[in-house]
Amino acid sequence: MKKINNSVLALALFVGIANANAQEKKTLTLDDAVQLGIQNSKNLKIDAAKIEEATANLLEAKNRQLPELKISGSYMYLPLKPNIDIKLPGVSGAGGPEVHQVAYGSANVSVPIYSGGRIKYGIESAKYLVEASKLTTENDKVAIAYNVAQAYNNLFKANQSIKVLEENLTASQKRDETFLKLENNGVIARNDRLKASLQTSNIELQLLEAKNNYNIANINMDLLLGLPETTEIEVDQNYIDEGNEVKPLDFYLNEARENRKDLQALDKQRQAAALGTKSAKAENLPSIAFTGGYVAADIPKFLTIYNAVNVGVGISYNLSNLWKENSSLKQSQAREMQLAATNELLNDNIKLDVNREYQNTDYSKKRIAVFEKSAEQANENYRITKNKYDNGLATMTELLDADAAQISANVGVINAKADAALAYRKLLQTTGTLTNK
């Protein structure tokens, strides 16, 4: 019996520990969440692989300026006696030597001297593309920072809604208890008490919906931050009170022109494309290289060659370039035109984005004052209506409507502040400075 009790106790402890682990809580500020999201982003891991790929392309371009050294060798066995007829004056080929094997080896080296600039342009172009990949990664970090802030904001709003609804549900349930006693004492009609109970049920439904939204928002945050899905994140609401004073519009437009990484990445791509055009033009020029080689051969009883060294200069030119159009040049020029148009479009979109988010930020800040005024009015209206109801001057319907308006107004204030904080971060994202915050 004692063993059984010990087993039950151990199982209970294990289950308790498992539940504690399953419900792990983690308190994070918004800035901490952003850093964690960037650190564990799957998209940034993809970007890192793209940088590695661009770096490998740069290495390949650099390798083209290095010497090429090739060696080859072969050994052949001749099972049948070959017919050898030497055609040299004074040398008879009749009954020539029996040759059954041949060994041959060579080494060749080629060092590029001039290629019309194709190698140099290729290296410079690859460097720009590496820089463009890195800038694209920085731009993705800014986008991730905003996505995390948005998810964090949704989690905060859901959590605050739960708190407000729980407070109102408690008050509503206490009111139901009071109204039930009044009904039993014949003070109020049963219909009025049922209206109050219906209001309580409506608040319970709103609370269930708020908790469902919170759970979904929490799982979304866990995935964004690379945390276990069972982690419950506790938010720090201080971020909604950050005193961010909005500066003039021109300030943010200038910030965007100087800091937008996607604009800078596009500029690097345009520079790489310009070099690609130069490289394509160089295809019509000859290539010159220093060449050298070594040959050795051994045919037993017939021929032996050692120290056959050769050095020289090789020139290569594709004569078909004289009548073929340079398709690579046309493709590269088209790429330049495409990137130039993309640059103009991106600049227009940046202006639109900054202007839009600047207006949204100003609008969201003004909304706070309106919601605060509405909350004051709703709270005062409920207080007055409650006094009237207690004195028989207001109906139950009027009291419940005033209570519902009070709940909605108080939640609205919290949401308006959270939305204003998020709108400001969205403005910073459009300027490319969100991660510098």
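**Helix packing and aromatic pairs in a predicted model**

Colleague: What makes Asn307 exposed?

Modeller: In this predicted model, Asn307 has a relative accessible area of 62%, and because exposed means over 50%, Asn307 counts as exposed. Asn307 belongs to strand S6, residues 303–316, and its phi is near 55°, a positive value in a residue other than glycine.

Colleague: Why is H4 called roughly antiparallel to H9?

Modeller: The axes of helix H4 (residues 118–184) and helix H9 (residues 396–431) come within 10 Å and cross at roughly 165°. Angles over 145 degrees count as roughly antiparallel, and H4 and H9 are therefore roughly antiparallel to each other. The residues of this contact of H4 with H9 divide into 16 nonpolar, eight polar and six charged, and H4 passes H9 in a right-handed crossing.

Colleague: Turning to the rings, why is the pair of Tyr152 and Tyr239 called edge-to-face?

Modeller: A search of the whole structure finds five aromatic pairs, and one of them joins Tyr152 and Tyr239, whose ring centres are 5.5 Å apart with the planes at 75°. Rings pair if their centres lie within 6.5 Å, and planes over 60 degrees apart count as edge-to-face, so Tyr152 and Tyr239 form an edge-to-face pair. Tyr152 lies in helix H4 and Tyr239 in the loop between strand S4 (232–235) and helix H6 (249–259), so the pair ties together parts that are 87 residues apart in sequence. Both Tyr152 and Tyr239 are buried, and together with Phe156 they form one aromatic cluster.

Colleague: What makes Phe251 and Tyr252 an edge-to-face pair?

Modeller: The centres of Phe251 and Tyr252 lie 5.1 Å from each other, and the angle between the planes is 85°; with the limits of within 6.5 Å for pairing and over 60 degrees for edge-to-face, this aromatic pair is edge-to-face.

Colleague: How do you know which of the two labels, buried or partly exposed, belongs to Phe251 and which to Tyr252?

Modeller: Buried means under 20% relative accessible area, and partly exposed lies between that and over 50%. Phe251, at 32%, therefore counts as partly exposed, whereas Tyr252, at 2%, counts as buried.

Colleague: Why does Tyr424 count as buried?

Modeller: Tyr424 is found in helix H9, and its relative accessibility is 11%; because buried means under 20%, Tyr424 counts as buried. Tyr424 and Lys365 are 59 residues apart in sequence and 9.3 Å apart in space, C-alpha to C-alpha.

Colleague: Where does the charged end of Lys426 sit?

Modeller: The charged end of Lys426 sits over the ring of Tyr146, at 4.5 Å from the ring centre, and the distance limit for such an arrangement is within 6 Å.

Definitions and conventions:
Residues are numbered from 1 along each chain as its sequence is written. This is a predicted model: local features need pLDDT of at least 70, side-chain atom pairs count only at pLDDT 80 or more; totals for chains, interfaces and linings use all residues. Side-chain values use heavy atoms; hydrogens and water are left out. Axes are lines fitted to C-alpha atoms, for helices over the stretch in contact, and angles run from 0 to 180 degrees between N-to-C directions. Helices (H or I, at least four residues) and strands (E, at least two) are DSSP runs, numbered from the N terminus. Angles under 35 degrees count as roughly parallel, over 145 as roughly antiparallel, 65 to 115 as roughly perpendicular and the rest as oblique. A crossing is left-handed if the near helix is turned anticlockwise from the far one by less than a right angle, and right-handed if clockwise. Ala, Val, Leu, Ile, Met, Phe, Trp, Tyr, Cys and Pro count as nonpolar, Asp, Glu, Lys and Arg as charged, and the others, Gly among them, as polar. Rings of Phe, Tyr and Trp (its six-membered ring) pair if their centres lie within 6.5 Å; planes under 30 degrees apart count as stacked, over 60 as edge-to-face and the rest as tilted. Buried means under 20% relative accessible area, exposed over 50%, partly exposed in between (1.4 Å probe, protein chains only). A charge sits over a ring if NZ of Lys or CZ of Arg is within 6 Å of the ring centre and within 35 degrees of the ring normal.
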